[in-house]
Amino acid sequence: MTTDSIENSFISINPPELRFQFELEKQTFCDLKVLNKTENFVAFKVKTTSPKKYFVRPNTGVIHSWDSCIIRVTLQAQQEYPPDMQSKDKFLIQTTALDPNSDVDDLPPDTFNKNSGKLTEELKLKVVYVSPTSPGGSTRYDTTKKSAQKLDAYSNQPLQHLKEERDVAVRQTRQLQQELDMLKRRRSRSDPGFSFTFAMFVGFIGVLFGLLLNLSLSSPPTQ
C-alpha cells in the first residue's frame, strides 16, 4: 500500500507513482500534481529511463511559492504487452530553489547540476501498468487470455484463405460447365457430327473441370 504522495524539502508529488491503464495500440496518460511547499521559487526537471515511450509536458518549469502545477505524462501507444504486465521504467524529478530575481523563462544550463553549489534534490517514481478491466491491477491470467485471443485470430487466417480459394474454384468450375454446354449447343446446330478438333477441345475442358473440382473437394472443411 502506498501513501498519497511523496515529497522532499521542496515539493510534494501526488500520486507517488505513475499508473497507466494499459491497452494495446492506445495512448494513455497519468497526471502528477506537484506542490511547492516553500516560500521560494522552485525549479523542476523530469527525466525518464524510456524517453521514446513517454511524452512529458511540461518536462521542466518553475513553481511559485506555495503554488502547484500539473505534469501530464503520456504513454505512447504500444504494440505488445510487457512481460507479466510489469514495467521497468523509472522517472526522476530534480528540484532546486531559485533566487526570486531569476529569469524563470530562461533557466541556466547548470540549474540542476549538483556541482554548482546549489541544493538540488531528487524524487524517483516508478511506473505501474494496470488492466482497464481490473482497476487494482492485472493478473497473469488476464495477459495470457489476451495473448491466446490474438493467437486464435492469427491461426484462423490460413483456414479462411483456403475457404476463399475453394469458393473461387467452385465458381470457375460452374462457369466452365456453362461455357461447355453452350459450346455443345452451338456445335450441334452448325454440324451434327463432332470433328476431331472439337472432340480434343471438349476433352481438354473436361480435364480442367476435373482438376478444379478435385481442388475444391480437397480443401479442408470450414468449422
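## Cis peptide bonds

P58 lies in the loop between strand 6 (54-57) and strand 7 (60-63), where strands are DSSP runs of E with at least two residues, numbered from the N terminus. The peptide bond that leads from R57 into P58 is cis, with omega near -10°.

A cis peptide bond also joins N14 to P15, here with omega near 0°. P15 is placed in the loop between strand 2 (11-14) and strand 3 (18-21). As background, most peptide bonds are trans, and most residues other than glycine have a negative phi.

## Positive phi angles

W66 has a phi near 60°, which is a positive value in a residue other than glycine, and its place is in the loop between strand 7 and strand 8 (68-75). W66 is exposed, with a relative accessible area of 58%; exposed stands for over 50% relative accessible area, buried for under 20%, and partly exposed for the range in between, with a 1.4 Å probe and protein chains only.

M85, found in the loop between strand 8 and strand 9 (90-98), likewise has a positive phi, near 55°, in a residue other than glycine. The side of the burial scale on which M85 falls is buried, with a relative accessible area of 3%.

## Basis of the values

The model is predicted, so local features need pLDDT of at least 70 and side-chain atom pairs count only at pLDDT 80 or more, while totals for chains, interfaces and linings use all residues. Residues are numbered from 1 along each chain as its sequence is written, and side-chain values use heavy atoms, with hydrogens and water left out.

Technical notes. Helices (H or I, at least four residues) and strands (E, at least two) are DSSP runs, numbered from the N terminus.
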